Amino acid sequence: MNTVVHSGAEGFLHRFDGLRARLPGQRLAWVQALREGAAEQFRAAGFPTRRVEAWKYTDLRPVADAAFDEALTILGDGEGLPAPRGERRAVFVDGRFREEHSSLDGASFAVGSLAHELPRLESRLGALARPGEEALVALNTMLFEDGLVITVPAGIAGGVLELSSIASRSERPSAFHPRHLIRLEAGASLTIIEEASGPEGTRYLHNPVFEIELAEGAVLTHARIQREGVKGFQLGTVYARIEAGATYDNFTLNAGGRLVRNEIHAVLAGPKSTCHMNGAQLLRDGQHADTTTVLDHAAPDCASRQTYKTVLQGKSRGVFQGKIHVHQVAQRTDGYQMNQALLLSPEAEIDSKPQLEIYADDVKCSHGATVGALDAEQLFYLRARGIPEGKARSMLVEAFLQEAIEGVTDETARAALEEAVAGWWSKEAA
Amino acid sequence: MLRIEGLTAEVDGKPILKGIDLEVPAGEVHAIMGPNGSGKSTLSYVLAGREGYEVTGGSATLNGVDLLAMEPEERAAAGVFLAFQYPVELPGVGNANFLRTALNAIRRGKGEAELDAMQFLKLARARLKELQMSEDMLKRGVNVGFSGGEKKRNEVLQMALLRPSLAILDETDSGLDIDALKIVADGVNALRAPDFSALVITHYQRLLDYIVPDKVHVLMQGRIAQTGGPELAKQLEASGYASVQAAA
């Protein structure tokens, strides 16, 4: 066992060399080829720097400079696992599926560990992910240890499934790269409430990749609650392909972590499909959160809605980059994108970059961005009615976020999000 | 009672109130009239504690309590209620939630038990009915999409729920048609009691036909230029503020 710890891209490549014989799928030629190819891509690209346009506002040096162990060697025991919200839950500790903490019995669909299912996943793993384009996806492809595989058969209503990810307490920084594959067959539906958390004092990298395939008329609600520990990094990438008449409803709450990126690539691939990407970023002093969305309208008569709200305290920094690409074939596209930031501190900073590329001529597409502080008149109005200043401020912040959250139609998901927002604020006000 | 002595205040360094002396005994309703720019709204904001209105001298007490030393929410708990000339819209804040939060904050301040959602709803429905307002207004965002008249009625609804000891009505009549005016006036008159006083700020005499004041004060250039009975309002309506100017 070598004791030299490398940082940066080189560190990960070095550990890949040491681990490749122990990573799942080592006997499957196609997995090996996938990992080796990704390693070459990651070797060539390295961690993106701010010279790369897509990373202009997010500096990955704190991640690149850290020296991580792979989680394979320091697997924790699941301490600090939040209480389950419903009946079915898949639990991951340091990126590995933990059956003893999970409860998946009685599900009306197939769900299980990616490491276990790997021999049957050749056609699915990597079907959407683009390791050649996104360096962090190459990193994930090179080192993925596990993940969740979900297949909801045609016409089945899958109900609510929780996906809990926790990082365990550790002296040495750990990194884990789960790969989650989600497929809903024609007319199927599912709600996933994903919650990622970690201990306060541990430095770790959570680098998940989702590949989501929604067949005709399928409906997936995907509520992501990111509450990583204060020293945690989460760099997540979601790929979603949405076929005719299907709906992908994503809401991402970024409320934790030291440096976080929520990157979504969604393709409206079939006519009359719908994509909702909403989210809120609630940032305290010292946090950096980045939401980057790339939405392809690649079929006619599709609708997309994006509303992102960022609340910033102290010296925090928020980023929103949203690109909508309307292909020539995508006539009668109905697209809407709004991102708004509420600066509660003069030291906070938000960077906002909306981008529209429209190649079809019959299109309704609008976008907007606002940045502001709490409205002094609104605050005075509440206080003049006897409401103390702290409560008045929290009411206005919740109201600011409400517009994004009320778009989540699944009640369980919306309640979970509202609870997470209220939890953030009460901690903030305390 | 409200007692104001030698009150001076400025906005952005510009003196607006130049020495106000005014007493409103408990149980009385006083009107303040005056031309635009005379300081009427400034007086109401200074009493309610709005930021940006700097008191440079004098005092204002309500039942012996120094208002000027308190935060806006403390003044509200002490019994001050300002009905806004332009009620503020609060998108995303439900009117019911807003009203209950305010009512419970005031009740806490008075040492009374807070109302739960059901108790609150019962009370709010009764008040809504008196003000001929639709229950629908509870479900909407505060003042969002309300007509001018609805906003003013929402102010009176808040006043009816919070039961202040001093109500300051800042041009509550502006933008109201005659029916709405009567409803608003009825709402104020219903609160009249030995421990309630009101300062009705208005540009026009019309409102004072429905809320008959005990006294009328004319505010000119930051000072009370003249004080009289209800007949003074009628006189101003006929001859305008120039006559006061000449007399002052």
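Leaving aside its neighbours within four places in sequence, which residues is A:Thr247 in contact with?

Reply: This is a predicted model. Leaving aside neighbours within four places in sequence, A:Thr247 touches A:Leu214, A:Ala218, A:Val219, A:Leu220, A:Ile242 and A:Thr274. A:Thr247 belongs to strand E14 of chain A, residues 247-254. With a relative accessibility of 18%, A:Thr247 counts as buried, because the cut-off is under 20%.

E11 covers residues 209-214. A:Glu211 sits in E11, while A:Arg179 sits in strand E8 (residues 179-184) of chain A. The two residues are 32 apart, so the pair links distant parts of the chain. Both partners are out of the solvent by the accessibility rule. A:Glu211 is buried at 2% relative accessibility, and A:Arg179 is buried at 1%.

Over all chains, the whole structure has 40 salt bridges. Four of them cross the interface of chain B and chain A. In one, B:Glu155 meets A:Arg385 at 2.8 Å, N to O. B:Glu155 lies in helix H6 of chain B, and A:Arg385 lies in the loop between helix H6 (376-384) and helix H7 (389-405) of chain A, so this pair joins two chains. Both B:Glu155 and A:Arg385 are buried. In another, the side chains of B:Arg50 and A:Glu377 meet at 3.9 Å, N to O.

A:Arg393 is partly exposed at 27% relative accessibility, and A:Glu389 is partly exposed at 32%. The pair belongs to a network of salt bridges that links A:Arg383, A:Glu389, A:Arg393, B:Glu71 and B:Glu73.

Now the interface as a whole. Chain B brings 31 residues into contact with 17 residues of chain A. About 1900 Å² is buried between the two chains, with carbon and sulfur atoms giving 67% of that area. B:Arg50, B:Glu73 and B:Val88 supply 26% of what chain B buries against chain A, more than any other three residues. The interface also holds 10 residue pairs in polar contact. On chain B, at least two residues each come from helix H1 (40-48), helix H2 (72-77), strand E6 (80-83), strand E7 (90-94), helix H3 (95-109) and helix H6 (148-162). H3 of chain B gives the most, with six residues. By type, the side of chain B that touches chain A has 20 nonpolar, six polar and five charged residues.

Among the buried ones are B:Lys40, B:Leu43, B:Tyr45 and B:Leu47. B:Gly49 follows H1 of chain B, with a positive phi near 95°.

Last, chain B overall. Chain B has nine helices and 12 strands. Its radius of gyration is 18 Å, which agrees with the value near 18 Å for a compact globule of 248 residues. Of those 248 residues, 52% count as buried. Among contacts in chain B with a separation of 6 or more, 68% join residues 24 or more positions apart.

Conventions: Residues are numbered from 1 along each chain as its sequence is written. Chains are lettered from A and ligands numbered from 1 in the order in which they are written. This is a predicted model: local features need pLDDT of at least 70, side-chain atom pairs count only at pLDDT 80 or more; totals for chains, interfaces and linings use all residues. Side-chain values use heavy atoms; hydrogens and water are left out. Contact means heavy atoms within 4.5 Å. Buried area is the accessible area (1.4 Å probe) that two parts lose on being put together, summed over both. A salt bridge is a side-chain nitrogen of Lys or Arg within 4 Å of a carboxyl oxygen of Asp or Glu. A polar contact is a pair of N or O atoms within 3.5 Å; within protein, one must be able to donate a hydrogen and the other to accept it, and residues adjacent in sequence count only if both atoms are side-chain atoms. Helices (H or I, at least four residues) and strands (E, at least two) are DSSP runs, numbered from the N terminus. Ala, Val, Leu, Ile, Met, Phe, Trp, Tyr, Cys and Pro count as nonpolar, Asp, Glu, Lys and Arg as charged, and the others, Gly among them, as polar. The radius of gyration is taken over C-alpha atoms; the globule rule is 2.2 Å times the number of residues to the power 0.38. Buried means under 20% relative accessible area, exposed over 50%, partly exposed in between (1.4 Å probe, protein chains only).
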